[in-house]
Amino acid sequence: MAHNAYKALSRVFSVVLPAAGAGLIAGGRFAHQYVADQLAGQRITMPGGKDLPTEEMKSALARYSGLPMTTGPQAEAYANHYIGAHLAAAAKGRTYEEISQEYMAASADPDRKDTQEAADLGQLKEMLFTGSSLRGMLLNAYGWWTVGSIATWAGVGATGLGAVLAVPGWARRRGHRA
């Protein structure tokens with residue numbers, strides 16, 4: 001009795017898992033293609049050479065130097081090690097929130113609101129907002145690329161497991177009739 005139940009379950013999963021696997025693989029491929037198309041549409045060329053002044057930048061970005069940005073890993077490297085590094089340098093390590101508070105304090109102070117300091121803080125605030133937004137969008141693309149990769153590998157695993165389960169599910173036992 002138990003043997004027949006296991007055999008039936010193996011048969012069911014030997015059909016269901018490859019079907020689910022095919023769907024996961026298709027979804028993963030769709031995610032990769034969609035991210036690649038969206039990134040390619042931005043026409044971003046990965047920096048290289050003198051545009052990578054630090055060892056950290058070179059380590060993260062040199063392999064992509066001169067290539068069009070079309071993958072999630074490229075977007076992540078560019079967001080974290082190029083845009084992120086430039087934002088940190090421009091703000092001297094301060095965050096958008098910290099600069100924004102400094103700008104609001106300067107703007108609210110009658111003695112400082114019309115000064116070059118307030119104008120510089122305002123420009124820096126806008127630059128940090130724009131750069132942080134772009135960085136976030138690129139990291140979002142990286143996230144969806146990663147989801148696509150996970151779906152693809154889960155699909156391969158499900159398909160493989162379904163094939164393994166097909167053997168006991170569909171094979172005949174010697175000396176017995178199923």
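Tutor: Let's start with a bend: helix 3 has a kink of about 35 degrees, centred on G84. The bend at a residue is the angle between axes fitted to the seven residues ending there and the seven starting there. Helices here are DSSP runs (H or I, at least four residues), and they are numbered from the N terminus.

Two quick notes on where this comes from. This is a predicted model, in which local features need pLDDT of at least 70, side-chain atom pairs count only at pLDDT 80 or more, and totals for chains, interfaces and linings use all residues. Residues are numbered from 1 along each chain as its sequence is written, and side-chain values use heavy atoms, with hydrogens and water left out.

Back to helix 3, and its length. The expected span of a helix is 1.5 Å times one less than its number of residues. Helix 3 covers residues 72–90, so its 19 residues should span 27 Å, and the 26 Å between its end C-alpha atoms agrees with that.

Now, which parts of helix 3 are tucked away? G72, Q74, A75, A77, Y78, A79, Y82, I83, G84 and L87 are buried. Buried means under 20% relative accessible area, exposed means over 50%, and partly exposed is in between (1.4 Å probe, protein chains only). G84, where the kink is centred, is among the buried residues. Here's a handy bit of background: an α-helix has 3.6 residues a turn, so residues three or four places apart point the same way.

What do those buried residues pack against? Their partners are helix 1 (2–41), helix 2 (55–61) and helix 5 (116–170). A88 also lies in helix 3, but it counts as partly exposed because its relative accessibility is 38%. A88 and L128 are 40 residues apart in sequence, yet their C-alpha atoms are 9.0 Å apart in space.

Let's look at the helix 5 side of this. Two packed helices are described by the angle between their axes and the distance between the axes. The axes of helix 3 and helix 5 come within 8 Å and cross at roughly 160 degrees. That makes helix 3 roughly antiparallel to helix 5. The axes are lines fitted to C-alpha atoms, for helices over the stretch in contact, and angles run from 0 to 180 degrees between N-to-C directions. Angles under 35 degrees count as roughly parallel, over 145 as roughly antiparallel, 65 to 115 as roughly perpendicular and the rest as oblique.

The crossing of helix 3 and helix 5 is left-handed. In plain terms, the near helix is turned anticlockwise from the far one by less than a right angle, while clockwise would be right-handed. On the helix 3 side, the residues that meet helix 5 include Y78, I83, G84 and L87. Among their counterparts in helix 5 are L124, L128, L138 and W145. Contact here means heavy atoms within 4.5 Å.

Helix 5 has other partners too. Helix 1 packs with helix 5 at an angle of about 160 degrees, with their axes 6 Å apart. That makes helix 1 roughly antiparallel to helix 5, and the crossing is left-handed.

Helix 4 (residues 96–108) packs with helix 5 at an angle of about 150 degrees, and their axes are 9 Å apart. So helix 4 is roughly antiparallel to helix 5. Helix 4 passes helix 5 in a left-handed crossing.

Finally, the loops. Just after helix 3 comes K92, with a positive phi of about 55 degrees. Most residues other than glycine have a negative phi. K92 is not a glycine; K92 sits in the loop between helix 3 and helix 4 and counts as exposed at 70% relative accessibility. R43 also has a positive phi of about 55 degrees without being a glycine. R43 lies in the loop between helix 1 and helix 2, and is exposed, with a relative accessible area of 77%.

In the loop between helix 4 and helix 5 you'll find R112, which is partly exposed at 26% relative accessibility. Not counting residues up to four places away in sequence, R112 touches E102, A105, A106, E117 and A118.

Technical notes. Helix = DSSP H or I, 4+ residues; strand = E, 2+ residues; numbered from the N terminus.
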